[in-house]
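Welcome, and thanks for taking a look at this chain. Below is a short tour, from the overall fold down to a few single residues.

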Amino acid sequence: MLTVDFGRLPVGPGDRVLDLGCGGGRHSFEVLRRGADVVAFDQDAAELEKVAGMFAAMDKAGEIPVGATGETLVGDALAMPFEDGRFDRVIAAEVLEHIPDDVTAIAEIVRVLKPGGRAAVTVPSFLPERVCWALDEDYHTAPGGHVRIYTLAELAAKLKSAGLEVGGHHYAHGLHTPYWWLKCAVGVNNDDHPLAKAYHDLLVWDIMERPLVTRLAEAVLNPVIGKSVVLYARKPA
């Protein structure tokens, strides 16, 4: 399930891509399939072990184009161990809302991005997130949880203040918002609730099968209640 639109953030052979806060690695895998070199970067070593395992499985299955490389690295988004201008592309998907000092994290993104390079930054969109916070305190108070709710204007302003040229944006995962509202309504940690389980099964089916009916439904829902907002930006040359 990709949040970033690679039509808006083109990557290909020869590109060096940082997937900051990569989590389970969904965007890293897509970058690698497109023939670029990717560094999957996260502070969670256990998650990165799984990502490295998937990289190995993809290589064994012949899914990685010749010359493309995927590596994992444990580190801190506030002090990344890369030289200035290392990457052609930076992806920061659903990570800034977890970082108290997001201004420093954004400055690091700009620092490691080469002049003329592009970034895609995604965060939970304001309305769906605000409802989740109101329904269940555990949603945002758990360790490692969300520390802020962004407006689109705030995120764009912080990117601009760090020196990026902000381009277009879009919303994603409109079908997922009702699921999280339901989860928060019944208790975000109540994974056994029958309604939550049924909706989860629906989402898994949708991800696997991608039927036309749900694609159309999500296209309608995204601008209204899309769970994530994605901004695309460029570092001036």
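What percentage of the 237 residues in the chain is buried? Buried residues make up 46% of them. Please keep in mind that this is a predicted model. The secondary structure of the chain comes to nine helices and seven strands. With a radius of gyration of 18 Å, close to the 18 Å that the globule rule gives for 237 residues, the chain is as compact as a globular protein of that length.

**The chain as a whole**

- Along the principal axes, the C-alpha atoms fill a box of roughly 45 × 45 × 35 Å.
- Among contacts with a separation of 6 or more, 75% are between residues 24 or more positions apart.
- The accessible surface is about 11200 Å², and carbon and sulfur atoms account for 57% of that surface.

**Helix α4 and its surroundings**

- Helix α4 covers residues 126-135, and its buried residues are Pro-128, Glu-129, Cys-132 and Trp-133.
- Seen down the axis of α4, these buried residues fall within an arc of 135 degrees, so they line one face of the helix.
- As a reminder for reading such patterns, an α-helix has 3.6 residues a turn, so residues three or four places apart point the same way.
- The cover over the buried residues of α4 includes strand β5 (113-124) and the helices α5 (138-141), α7 (176-186) and α9 (212-225).

**Helix α7 and what follows**

- In α7, the buried residues are His-176, Thr-177, Tyr-179, Lys-183 and Cys-184.
- These buried residues of α7 fall within an arc of 160 degrees when viewed down the axis, so they too line one face of their helix.
- Packing against the buried residues of α7 are α4, α5, α8 (194-209) and α9.
- Gly-187 follows α7 and has a positive phi, near 110 degrees.

- Glu-94 is not a glycine, yet its phi is positive at about 55 degrees.
- You will find Glu-94 in the loop between β4 (87-93) and α3 (102-112).
- His-173 is another residue other than glycine with a positive phi, near 65 degrees.
- The loop between β6 and α7 is the place of His-173, and at 8% relative accessibility this histidine counts as buried.

**Two residues to look up in the viewer**

- Ser-28 sits in helix α1 (residues 26-33). Is Ser-28 buried or exposed? Ser-28 counts as buried because its relative accessibility is 0%, under the 20% cut-off.
- Not counting residues up to four places away in sequence, Ser-28 touches Asp-19, Cys-22, Val-38, Ala-40 and Phe-55.
- Ser-28 and Ala-57 are 29 residues apart along the chain, and their C-alpha atoms are separated by 14 Å.
- Gly-167 belongs to strand β6 (residues 165-172) and is partly exposed, with a relative accessible area of 48%.
- Which residues is Gly-167 in contact with, leaving aside its neighbours within four places in sequence? They are Tyr-232 and Ala-233.
- Gly-167 and Met-208 are 41 residues apart along the chain, with 31 Å between their C-alpha atoms.

Terms used
Residues are numbered from 1 along each chain as its sequence is written. This is a predicted model: local features need pLDDT of at least 70, side-chain atom pairs count only at pLDDT 80 or more; totals for chains, interfaces and linings use all residues. Side-chain values use heavy atoms; hydrogens and water are left out. Helices (H or I, at least four residues) and strands (E, at least two) are DSSP runs, numbered from the N terminus. The radius of gyration is taken over C-alpha atoms; the globule rule is 2.2 Å times the number of residues to the power 0.38. Buried means under 20% relative accessible area, exposed over 50%, partly exposed in between (1.4 Å probe, protein chains only). Contact means heavy atoms within 4.5 Å. Accessible areas come from the Shrake-Rupley method with a 1.4 Å probe; for residues, only the protein chains shown count as cover. The arc is that of the directions from the helix axis to the C-beta atoms.
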